[in-house]
Amino acid sequence: GNVYSSAMIYDSANTNIYLAAGGSPASTGFYKYSLSTSTWTTLSVVPSASQPHLTMIYDSANTNIYLASGNTGTGFYKYSLSTSTWTGSTISNLPAVPATVSTGSQMIYDSANTNFYLAVSGTGFYRYSISTSTWTTLSVVPGTVAAGAQMIYDTANTNIYLAASGTGFYRYSISTSTWTTL
């Protein structure tokens, strides 16, 4: 399948890599690569075609993969590794992303609090709570999220670091809900 602007996650317990194919034209391809057998397996297709710039995260405690569809989409989906099935905003009660997921959008997982944080193209920033299945709008990113943006989570200090487009580098404190320009 096409892997242009695709997304991958790693399941370390089973040594598998999961790939959602992005691309143009849109793709519904979803695949698993087994490190132990060096084989690809085609899985259930993503419920809605994934465009370039999709983002994906893995909840290892519940063995679920969450995917926010890209290229001006708001689709939000969950893939259960235990049942090999998708649920999501177009096929179940999982809520859609509150903003467009596009170029540069990034998502990280705070496993201690079972929340996802999503920075979308532009300045939008959101938290998704697995326990309540709700999105919350947070403080806007002080710079512009665009192509090349990257985001990581510092579990020890509960801070999120975001390299936005250009030279913007920021820290978001989960405890104070504030951004700091670094």
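**Close-up 1. Ser131 pairs with Ser129 through their side chains.** In this predicted model, the side chain of Ser131 makes a polar contact with the side chain of Ser129, at 3.1 Å. Ser131 sits in the loop that joins strand E11 (125-129) to strand E12 (134-137). Its relative accessible area is 63%. The cut-off for exposed is over 50%, so Ser131 counts as exposed. Asn113 also belongs in this view. The two residues, Ser131 and Asn113, are 18 residues apart in sequence. In space, their C-alpha atoms are 9.2 Å apart.

Close-up 2. Ser12 lies in the loop between E1 and strand E2 (16-20). Ser60 is shown with Ser12. Along the sequence, 48 residues separate Ser12 from Ser60. From C-alpha to C-alpha, Ser12 and Ser60 are 8.6 Å apart.

**Close-up 3. Asp59 is buried without a salt bridge.** Asp59 belongs to strand E5. The nearest side chain of opposite charge is that of Lys78, 7.6 Å away. A salt bridge needs a side-chain nitrogen of Lys or Arg within 4 Å of a carboxyl oxygen. Asp59 has none. Its side chain has polar partners instead. One is the side chain of Asn62, in a polar contact at 2.8 Å. Another is the backbone nitrogen of Ala61, which the Asp59 side chain reaches at 3.3 Å.

**Close-up 4. Strands contribute to the lining of the largest pocket.** The volume of the largest pocket is about 430 Å³. Its lining is made up of 21 residues. Nearest the centre lie Thr55, Met56, Ile57, Gln106 and Met107. The elements giving two or more residues to this lining are strand E1 (7-11), strand E5 (55-59), strand E9 (106-110) and strand E13 (150-154). E5 supplies the largest share, four residues. E5 is also the strand that holds Asp59.

**Close-up 5. The lining of the largest pocket has no charged residues.** Sorted by class, twelve lining residues are nonpolar. Nine are polar. Among the residues nearest the pocket centre are Met56 and Met107, together with Gln106.

How values were computed: Residues numbered from 1 in each chain as written. Predicted model: local features only at pLDDT ≥ 70, side-chain atom pairs only at ≥ 80, totals over all residues. Heavy atoms only, no water. 1 Å grid on protein atoms, 1.4 Å probe; cavity = no way out; pocket = protein on both sides within 12 Å on 5 of 7 lines; lining within 4 Å. Points joined across faces, edges and corners; volume = space filled by probe spheres on them. Nonpolar A, V, L, I, M, F, W, Y, C, P; charged D, E, K, R; others polar. Buried < 20%, exposed > 50% of the residue type's maximum accessible area, 1.4 Å probe, protein only. Lys, Arg positive; Asp, Glu negative; His and termini not counted. Polar contact = N/O pair within 3.5 Å; in protein donor to acceptor, adjacent residues only side chain to side chain.
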